[in-house]
Amino acid sequence: MTTFSSTPAPVGVVIRAPKTAELIATSLRGKIVRGELRPGDILPPEGELLLQFGVSRPTLREAFRILETESLIGVRRGSRGGAQVRTPDIAVATRAVGLLLQIQGTTIDDVYQARMISEPVCARLLAERRTEQDLQDLADVLSTLSAEVRSRETFYPDPDVWADQTYRFHELIVQRSGNRTLSLQGAVLQEIVASHVRSRVQRYSSDDRPEVFERALLSYARLIELVEAGQAERAEEHWRAHMLAAGRYLLNDGQRNQPVVDLFN
């Protein structure tokens, strides 16, 4: 028999009972998390769910809205509509974390410092667990970046191409590390920093030289060599040094204390 604590709530604390729609959302969310419902699955028809949960149509639709907000389902309206399970996009987490960072007045330097702690560790883990596919994917990004830099007369890459491909390189490091927590954390932080990378490269200054991008390419190539050789500790050391150097370039233009909020305007 289920028992409940008789300890009274602290004075002044109001305990709100969850709404029926929230309970339905919790039930469906649990099935998605446990894999009972997978991305692409269509939820039962609305009429069937109304009978299953014994609720009104507005309550069920409120539950759907909760799950839509979490990007766990997508609802198509109309006679052929329905709710389909989907995989949440990393942008959902980025927006949420970004909002919290903005409210706290976090700077881009603060975010970059967090990346410098976690990403070199991911490079070490990648070197320990790398596969041929990992190496090929990293090499493909390096090839794209090299072609972009060397195909332009100025040797200054297109800001969007450079930002997108360097994002991909960093993304591969954290994704293929084998640690899901670090992978998700790294993806969120990298998404935020990517906006700064793009804006920084767009503002070429007299201090910027084509050699900056050539050195980055050489550094990427060196990491691939260390990962392929399985030299985990050296891969971590190299990537930490790389990020220190990259940080000096990205944050040397008076924007070290730029609030994260400015990147989303």
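In the largest nonpolar core, which has 41 residues, Y112, W162, F169, I173, L223 and W239 touch the most other members. A nonpolar core here is a set of buried Ala, Val, Leu, Ile, Met, Phe, Trp, Tyr and Cys residues joined through side-chain atoms within 4.5 Å. Buried means under 20% relative accessible area, exposed over 50%, and partly exposed in between (1.4 Å probe, protein chains only).

The largest share, nine residues, is supplied by α5. Another core, of 19 residues, lies apart from this one and includes A21, I24, L28 and L49. Helices (H or I, at least four residues) are DSSP runs, numbered from the N terminus.

The model is predicted: local features need pLDDT of at least 70, side-chain atom pairs count only at pLDDT 80 or more, and totals for chains, interfaces and linings use all residues. Residues are numbered from 1 along each chain as its sequence is written, and side-chain values use heavy atoms, leaving out hydrogens and water.

α9 and α10 pack at about 165 degrees with axes 9 Å apart; the axes are lines fitted to C-alpha atoms over the stretch in contact, and angles run from 0 to 180 degrees between N-to-C directions. The two helices, α9 and α10, are therefore roughly antiparallel, a term for angles over 145 degrees.

S183 is in helix α8 and, at 14% relative accessibility, counts as buried. Beyond neighbours within four places in sequence, S183 is in contact (heavy atoms within 4.5 Å) with V174 and Q175.

Technical notes. Angles under 35 degrees count as roughly parallel, over 145 as roughly antiparallel, 65 to 115 as roughly perpendicular and the rest as oblique.
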